[in-house]
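User: I have just opened this one and would like a friendly tour. Could you take my questions one by one?

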There are 2 protein chains.
Amino acid sequence: MLTLAGIGIHDVMDMSLKALEACRRADAVYAEAYTSRVEGMDRLEEILGREVKFLSRSDLEENAKKIVEEAAKRDVVILVPGDPMVATTHSSLKLEAEKAGVKVRVIHGSSISSAVCVTGLQFYRFGKTATVSWPLGSVVSSYPVNVVRSNWSINAHTLLLLDLNPEMKVPEAIELLFKAGMEDWYAVAISDAGGNVKMKCDMLSKLRDFSGKGLHSLVILARTLHFIEAECLKTFADAPDSLDEIVE
Amino acid sequence: MLTLAGIGIHDVMDMSLKALEACRRADAVYAEAYTSRVEGMDRLEEILGREVKFLSRSDLEENAKKIVEEAAKRDVVILVPGDPMVATTHSSLKLEAEKAGVKVRVIHGSSISSAVCVTGLQFYRFGKTATVSWPLGSVVSSYPVNVVRSNWSINAHTLLLLDLNPEMKVPEAIELLFKAGMEDWYAVAISDAGGNVKMKCDMLSKLRDFSGKGLHSLVILARTLHFIEAECLKTFADAPDSLDEIVE
C-alpha cells in the first residue's frame, strides 16, 4: 500500500496523529520537500523515531514507477507538506499506483486553502487560486492577473501562492503582478500561516515593503467586502479605514 | 489566551500533534460539534487524557462573551471539526476576543476544501464553494445553483457542502438542486473523505442512488476538464467514458 500523508501547513507538529501512526507502522517512510516546505523537516526522524529518506522531484515524477513497485510489495508512506492532494504531482502518483493495482491511502493535512480564512475573509467568497511564478527569461506571465479578473467577474477573492523555486516574497510578487498589468487594489499579505502568522491589508502598492518569516502568500480582495470581513481585516491585518469604501 | 484548534476532516485521529500538545497544556479544553462533525468525539477525553466540555451553538455565539472572559484569565482551547477558520462563527469569536484584548492562536486542521482534490480534480480549477441547505418552508434556495453558474462563467468546479442540521445526503441535495433549476451535468459525489472515502462521478441525475457512510459532499464539474482530471475520475470515481466529451 502507498500512503500519501500530509504534514500540514507550517511545521512538523502540524502532522496528524493518523499520519504519525501510519509512519510508525509502515515498512518505509519517505518525505518530499519540493512541492512546498514546512519547518522542522530535519526533526522528522526524531519525532517519528525511525529513518526517513528524502525524495527528489525526479523520484516522484520521472521515476515514480520505482516507488509504485515498492508499494506493491510493502507499506510505504510518503510525507508531503500541506495537504497531499493539492499538488498535481501527488494526484499523478496516485493515478499511476492505482492503475498498477496498488492500494492508495490519503491522510489529509492542513493547507493554506482554508487557513487563509485566518484573515477573516470568508471561505465561501474565494474563487480560483493561482500561483505567481518567476518569469521565464523576460516573459512575465499574465496568468495570475487573468485569474484575479475572472474572480472579480464573480466578485470573489483570489488566493495567490508564490513560487517556491526559489522562494518568492510578497514584494517580488507585487512587482511581477504590476508588470503583468495588475490594477492597484486592496490585498492582504500573509506570512508564516499556521505559525506566528503576520497579516497586513492595504492597497497592493502599499504592501511593497511587507516582510515576514516563513512562506508568503497574497490575497487580492473581491470588488466588495462583507462588513464583518472588513472589521476582521481592520482588527487582524491593520487595514486602513479607507477599506470601508468597498463594503457592500 | 484563546486557542482555536482544528480537529481535521474525518475523525479525532486527524488532529495535529500541535493541537494535542495545546490541549495538554491548556487550563481548560472545550469542543464543539455543530459547525461540522468528526467521528470519535466521544474518545476525545481518552486521547487527550483530560476533561473536555462540549459547547453548544449559543455558548459560541450569543454567549461568546463568557468564553472570551475566561480566555482573558487563563489558557482556553476550543477544538473544532475541520479547519477552525472556515466557519464564520469562529472568525466572529476571534474578532470578539481580539477586540477585548485577548490573544488568539489558531491551529489549523485538514478540511474538505483541499481534501476534495482526492477526486483528482485540480485544486486550481475550483471556484466558489456553496452550501446546499434544507428549504425554509416550501422555498428552495437558488443560491447554490447561482454559484455553480458563476463558476461555469469562469470554467471552474464547484464544491457543494451539504447541510448538517439534519445531515443531508447526496440524493437529497440533488433533488433540491433540480428543484432550484439546476441543469443535469457531470458531478462527483463524495462520502467519508479522510476515512474510507467513496467517490462516484456521473451525470447528476445518475447519482441519485449514491450512498456512503459519513459526511457527503458534491462537486459540480466545470464546463471542461483537463485530460488528467478525466483520467483520475475514471480511475478513482468510476466515471463513464462519456466524460471524454468535456475534455478540452
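User: How many salt bridges does the rule find across the interface of chain A and chain B?

Analyst: Happy to start there, and please keep in mind that this is a predicted model. Counted across the whole interface of chain A and chain B, the rule finds 6 salt bridges.

User: Which helix of chain A gives the largest share of the side that touches chain B?

Analyst: Several elements of chain A supply at least two residues each to that side: α1 (17–25), α5 (88–99), α6 (112–115), β6, α7 (143–153) and α9. Among these, one helix brings 6 residues, the largest share, and that is α5(A).

User: What area do chain A and chain B bury between them?

Analyst: The contact involves 54 residues of chain A and 54 residues of chain B, with 24 residue pairs in polar contact. On the chain A side, A:Leu17, A:Phe123 and A:Tyr124 supply 15% of the area buried against chain B, more than any other three residues. Carbon and sulfur atoms account for 64% of the total, which is about 4,800 Å².

User: What kind of rotation axis relates the two copies?

Analyst: In general, two copies of a chain are related by a rotation about an axis and a shift along it. Here a rotation of 180° with 0.0 Å of shift superposes chain A on chain B, at an RMSD of 0.0 Å. The copies are therefore related as by a two-fold rotation axis.

User: What percentage of the contact residues of chain A recur in chain B?

Analyst: The same surface serves both copies. For the contact residues of chain A, the share that recurs in chain B is 100%.

User: Which strands stand at the edges of the mixed sheet in chain A?

Analyst: This open sheet has 5 strands in the order β6-β7-β10-β8-β9, with mixed pairing. Neighbouring strands in it are turned by 25° against each other on average, direction ignored. Two strands have a single partner each, so one side of each is left without a neighbour in the sheet: β6 (130–132) and β9 (198–203) of chain A.

User: Which residue is the bridge partner of A:Tyr186?

Analyst: Strand β8 (residues 186–191) of chain A pairs with β9(A) in the antiparallel sense over 6 bridges. Helix α9 (residues 227–237) lies across both strands, running at about 125° to β9(A). Within β9(A), the bridge partner of A:Tyr186 is A:Met203.

User: Where are the edges of the parallel sheet in chain B?

Analyst: The order of this open sheet of 5 strands is β3-β2-β4-β1-β5. Its edge strands have a single partner each, so one side of each lacks a neighbour in the sheet; they are β3 (53–55) and β5 (104–107) of chain B.

User: Which residue of β4(B) is the bridge partner of B:Ala31?

Analyst: Strands β2 (residues 28–32) and β4 (residues 76–81) of chain B run parallel and are joined by 4 bridges. The partner of B:Ala31 in β4(B) is B:Leu79.

User: Is the peptide bond from A:Asn165 to A:Pro166 cis or trans?

Analyst: Most peptide bonds are trans. A:Pro166 sits in the loop between β7 (158–162) and α8 (170–179) of chain A. With omega near -5°, the bond from A:Asn165 to A:Pro166 is cis.

Definitions and conventions:
Residues numbered from 1 in each chain as written. Chains lettered and ligands numbered in written order. Predicted model: local features only at pLDDT ≥ 70, side-chain atom pairs only at ≥ 80, totals over all residues. Heavy atoms only, no water. Least-squares fit on C-alpha atoms with pLDDT ≥ 70 in both. Contact = heavy atoms within 4.5 Å. Pairing = 2+ DSSP bridges. Axes fitted to C-alpha atoms, helices over the stretch in contact; angles between N-to-C directions. Buried area = accessible area lost by both parts, 1.4 Å probe. Salt bridge = Lys/Arg side-chain N within 4 Å of Asp/Glu carboxyl O. Polar contact = N/O pair within 3.5 Å; in protein donor to acceptor, adjacent residues only side chain to side chain.
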